Amino acid sequence: MRLYRFDEVDEDLKLVPMAARRALDAAGLKLSLKAWHSLDLATRRQLVDLGSRPSIDPAPVAEWLKAADPAAQPMATVAEPHSHEVPERVTQALGPGRPIPDAAWSALSSLDRYVLGKVANKGRAERIQGAYDEIIGASAQVTHLGPSGEARMVHIGEKPANRRTARAETWVCMSDAAFTRLEAGDAPKGDVLGTARLAGIMAAKKTGELIPLCHPLALTKLDVEITKQPRTVTHAPGVRIEARVEAVDRTGVEMEALTAASVAGLTVYDMLKAFDREMSVGPLRLLEKTGGRSGDFKAAP
């Protein structure tokens, strides 16, 4: 049950909270304050809970309002604001001093977007400022910050799931002695490349546990390819590591690919450090990603 500080409604629900207004708007029903008070507290809480959800089934609302006195009045239903861009009326009401980037708008819950649209339509300056501070705040600058500046995981529950892919690479450069043991396959710790591949795969699956604000994802494909790179005129010997990741989800898999490549590289270092403690891991970079609202990306050669 979501209540807003700027709305000045407490859990006694003496006034009609924004979440309940959203449920009423979705059902096409208008309720006076007297009628709201005629409902028992359990019914009022049901309406607030329903209006706090990502999507609203209006069918129960009419049933719950049968006990209202005076009766609820029919009105046109109110459409939900789109999630992909800030409505012009909201932008105009907030003005240039209160920006909402499209990414921050998309990260909001359905109720938050409804509330901002509602207060924008009413045009009351103090409520517009209060709603903006409470819902947007610091997230206008960084989507991984909450309104008060606290770190948060971006809300993705209402985004459509689609196919996401990513490729990342890194390099491990080493001495001739270490590379010779790698090629011979007789390192004391065992199969260097096989162990590194497995480490990369395991790390990608745990990215949400390793990177604080990443979402845990159900990966549908994950491959780590490690290629030996003999010494050349310009480069020391070593290995090139490429990680390829796919998922059907609501957020990208770039971090999973980067995590797989980096942990595979660290594992190569660990397996061969007895022969060369000056090995270098890197650079690490994203090669390509597809899917999602931000579009596709491909790194320069």
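Author: The accessible surface of the protein chain comes to about 15600 Å², and carbon and sulfur atoms hold 54% of it. Such areas come from the Shrake-Rupley method with a 1.4 Å probe, and for residues only the protein chains shown count as cover. The model is a predicted one, in which local features need pLDDT of at least 70 and side-chain atom pairs count only at pLDDT 80 or more, while totals for chains, interfaces and linings use all residues. Residues are numbered from 1 along each chain as its sequence is written, and side-chain values use heavy atoms, with hydrogens and water left out.

Reader: What makes the protein chain more spread out than a compact globule?

Author: The secondary structure of the protein chain comprises 12 helices and 8 strands; these are DSSP runs numbered from the N terminus, with helices (H or I) of at least four residues and strands (E) of at least two. The radius of gyration of the chain is 27 Å, whereas the globule rule gives 19 Å for 301 residues; the value is well over the rule, so the chain is called more spread out than a compact globule. The radius is taken over C-alpha atoms, and the rule is 2.2 Å times the number of residues to the power 0.38. Along its principal axes, the C-alpha trace spans about 85 × 40 × 30 Å.

Reader: Why is Leu258 called buried?

Author: Buried means under 20% relative accessible area, exposed means over 50%, and partly exposed lies in between (1.4 Å probe, protein chains only). Leu258 has 16% relative accessibility and therefore counts as buried. Leu258 is in helix α12, where the buried residues also include Ala257, Thr259 and Ala260. Contact means heavy atoms within 4.5 Å; leaving aside residues up to four places away in sequence, Leu258 touches Ala168, Leu284, Arg285 and Leu286. Asn121, by contrast, lies 137 residues from Leu258 in sequence and 44 Å from it in space, C-alpha to C-alpha.

Reader: Is Glu134 buried or exposed, and why?

Author: Glu134 has 10% relative accessibility and so counts as buried. Glu134 belongs to helix α8 (residues 125–135), whose buried residues also include Arg127, Ile128 and Tyr132. The buried residues of α8 pack against α1, α5 (88–94) and α7 (110–122). Gly137, which follows α8, has a positive phi near 50°.

Reader: What makes α1 mostly covered?

Author: In α1, 7 of the 10 residues are buried, among them Met18, Arg22 and Asp25. The cover over these buried residues includes β1 (29–30), α2 (33–38), α3 (41–51), α4, α7 and α8.

Reader: Why is Glu8 called exposed, and why does Leu13 count as buried?

Author: Glu8 has a relative accessible area of 68% and is therefore exposed. Leu13 has 0% relative accessibility and so counts as buried. Glu8 lies in the segment before α1 (18–27), and Leu13 also lies in the segment before α1.

Reader: What is the phi of Glu8, and what is that of Leu13?

Author: Most residues other than glycine have a negative phi, and most peptide bonds are trans. Phi of Glu8 is near 55°, a positive value in a residue other than glycine. Leu13, which is not a glycine either, has a positive phi of about 55°.

Reader: Which peptide bond is cis in the case of Pro70, and which in the case of Pro283?

Author: The bond from Asp69 to Pro70 is cis, with omega near 0°, and Pro70 lies in the loop between α4 (59–64) and β2 (73–74). A cis bond also joins Gly282 and Pro283, with omega about 0°; Pro283 is in the loop between β6 (280–281) and β7 (285–290).
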